[in-house]
Amino acid sequence: MEYEPVIGLEVHAQLLTETKLFCSCLTAFGAPPNTQTCPVCLGMPGVLPVANKKAVRYAIALGLATGCTISKTSLFARKNYFYPDLPKGYQISQYEVPICRRGFIDIDLEGEKKRIGITRIHMEDDAGKLIHDEENPVSRVDFNRTGVPLLEIVSEPDIRSPEEAVAYLRALRDILLYLGISDGNMEEGSFRCDANVSLRAAGEEKFGTRTELKNMNSFRHIQRALFYEIRRQRALLDAGEEVLQETRLWDEAKQATFGMRGKEEAQDYRYFPDPDLIPITVPDEWIEEIRESLPELPAAKRERFISVYSIPEYDAGVLTSSRALADYFEDAVKGSGEPKKVSNFIMSELMRELKRDERDISECPVTPAMLSELLVMVDQGKISGKIAKDVFEEMYRTGTKASEIVEKKGLAVERDEGALIALIEEILAENPDQVAQFKAGKTKVLGFFMGQLMKRTRGKADPRLSNELLREKLAE
Amino acid sequence: MELYDLSIARCRKLLEEREVTSREVTASVLGRIERVEGSVRSFITVNAEEALNDAALKDKEEQSPEKPLLGVPLAVKDIICTKGLRTTCGSRILEGFVPPFDATCVARLRSAGAVIIGKTNLDEFAMGSSTENSGFFPTKNPWDLNRVPGGSSGGSAAAVAAGECIGSLGTDTGGSIRQPASHCGVVGLKPTYGRVSRYGLVAFASSLDQAGPITKDVLDAAILMNVISGHDPKDSTCAPVEVPDFTESLIPGLGGLKVGLPREYFGEGVDPEVAGLVRRAVEMLKDAGAEVKEVSLPHTDYAVAAYYIIAPAEASSNLARYDGVRYGLRVDEDRGLREMYEATRAKGFGAEVKRRIVLGTYALSSGYYDAYYRKASQVRTLVLNDFKEAFKEVDIIAAPVAPTPAFKLGELVDDPLTMYLSDVFTLPGSLAGIPGISIPAGFTSRGLPVGVQILGPHFGEEVILKAAYNVELARGDLGKAPEL
């Protein structure tokens, strides 16, 4: 039977505020355990939360960037449950009235656009971290992360494949990075994703029973876990069995999902408005001010790249996939004035190197100015396009400027007419058959002679000059 | 007259004139505690040594208008955090807990120069109306040791009545300042919700809790209000409202003032002697020039029900943090996390606290939320609107504090419903968040004090203080003191 996967995603993005959501403790990652705590985030008796205004602004910024309606008044609510990493015995979240509602993100799937709805975006505080002692039956708690501000972004069940899921997550992460409100770091847990997955018969309106997948720490994990889960559910349905509504954990080592707790253990969080916090009221001026301060977002930037730089849609899409990459491109264009050539070089040579080393553009040893210099050298005929690629590899490896490498290694284009003519004469003399072919009108063999010449000059022969000289010599 | 009998104002005057030292007053109060504490039992912790040292330091400090309480020994209800001084909330579950910070109201008392003499007894987590729910021991009413002092701030009220402090702080969630003040023959003021910072007041029901003064007279209540009131950036629910000098509103004469008597507060179920004393106080208001008229607060009957949904619901969440993980009691038999939670909370909490946690957990449960918590919140709005309507017609409302004078110890312990109903006249004002003061109106034939309650509109502390002051003037000296 044909099934259609239905996927909805819940993303938790940690906000880049300096201080926690409800107290003034720092949020820096990696500090020694329990050094970034105070009575408030430790949930001591008598303490009270005070909302971090910056976190609210960040939430509004994401809401505006994703076309959400911003609630003029929203409420913090308590989500009650017991766990040792939750010092208050409840998480402060938003329930009935979140700060942002009903938005969307457009994703691009090999040229096809699709709009994924966003149900809601709300603020909440993070829990602490349990550290289990490997040797003793003891667990310790690190409360540094307790109270760190998170945005929970809940998508509509509009996603139909693991690829779409990853495209949505990348687009969302891009927006967060563009806005500068989250670092999107999945390894450090500042961008986490849970997925609700169900299958329904093709053409069916009603959703099937869903499972909730957790513990996926990279886009690759997410994709694999979704693939696995879709296959697992399909096998169950095909065998006439039922999918159990449950939470399942992705086990990367075993490449499988495993049920965590069944329905019988379903939690009742007893949400109610937090009486310690007054409603968040957002004046219109605030919204307008934040809207005006929003940076150019990926979609708008893509459009601009196409129209201003006259580069293909595909190139624009790749180049705007991150704000840093787009900035890199624009800086390199500024120095070289050749958008398409810059784009080609970035998309082939530069991205290949970065991908191989799993490096981010921000870690690229070749600066935009260095790339400009290289491309200008090609443009001015100082080196050949082929040599440029070798020079670039060297630049990437060593961080050295193109001009220095060319100088040191003697890679500059061979322009000495006398030397070139000598080589050409040599080649023509050695290949009388091809010369005859050329004279008989087969101009294609010109390529053969150029190849020979490049071989003998190790690619350094000036192509234009060589071409001229070759034609001259052949015409003799 | 002994030094421990001084009011805050008189104590300050003598200190200012160097007639006495803070050390002398503090020693007198500590001596009094030593003599009567065995029978009254107002304190969970007496901070004797530190208080004496502190008093000696205060004696060396310069007098200044910023220190209106310099050298005055005060008691603080043991649900308000005091830095370095054990804070139990009257609960075994917080045994050994020493807060690393001062509540904002305590910090303000300290910076005004007060000496903290000790922490007073209360119903566990302020849940109760008799102080019998203390996890440690019950406090007795200084006027009749067989009777309760009221609650939950029974320790603070009894300590003031018995001369075990010059003044004190209590907290009021549903009447916990006003009712014990009434039962102990002292003045108790519950401020407007949002007038006094709740930071450091250990939460029972966050949308209702307010700290306030329990004192020997109205002037003292005004003096303490001057110190503890005002916006606090640590409490989002604490209003950025200007704080007047409350002592300036204490002027004789109530010409032009309209007093409302709510029909619903003078019906059946009110002890005739109590009703009589309240009416006498109303006559005093009239004599001072006030105009009296009947008003209606039609949703009064529903207030108790709404309160006993909202307060336990918030409490069930507020008390979740007492889980044995980080502080206080832990009962750990190496049987796992869940068992540790259960054993700790089973042993640490008393019956009334458990009852309310269960009530509140139920009211918030999925499927019951709309029928209970949401409905109760709606009723709360109606109760608030009753007052808003009434305050369009009158400036203040006068009413009984409780239907009866102090009852006997043990009388209602096994009858929680009747105990809950004894809060019927204080709960509506709490739900509405309005200020209320209880001031002694007189004594019953058995010699038990009875207070009259005066309620005002939001941030109307000045007008209720003024009215209470006029009752006090007309009443004159109480004329007797507890025999201890």
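This is a predicted model: local features need pLDDT of at least 70, side-chain atom pairs count only at pLDDT 80 or more; totals for chains, interfaces and linings use all residues.
In chain A, the C-alpha centres of domain 1 and domain 2 are 36 Å apart; the domain bounds come from an automatic or database domain assignment. Residues are numbered from 1 along each chain as its sequence is written, while chains are lettered from A and ligands numbered from 1 in the order in which they are written.

Chain A comprises domain 1 (3-287), domain 2 (296-409) and domain 3 (417-475). Domain 1 and domain 2 of chain A each give seven residues to their contact, where contact requires C-beta atoms, placed from the backbone, within 7 Å. On the domain 1 side, H2(A) supplies the largest share, four residues. Helices (H or I, at least four residues) and strands (E, at least two) are DSSP runs, numbered from the N terminus.

Turning to the two chains, 35 residues of chain B are in contact with 24 residues of chain A. The largest share of the chain B side, three residues, is from H9(B).

Which residues of the largest nonpolar core touch the most other members? They are Ala59(A), Leu74(B) and Leu285(B), in a core of 224 residues. Such a core is a set of buried Ala, Val, Leu, Ile, Met, Phe, Trp, Tyr and Cys residues joined through C-beta atoms within 7 Å; buried means 20 or more other C-beta atoms within 10 Å of the residue's own, exposed 12 or fewer, and partly exposed in between, with C-beta atoms placed from the backbone. Another core, of 35 residues, lies apart from it and includes Leu319(A) and Met370(A).
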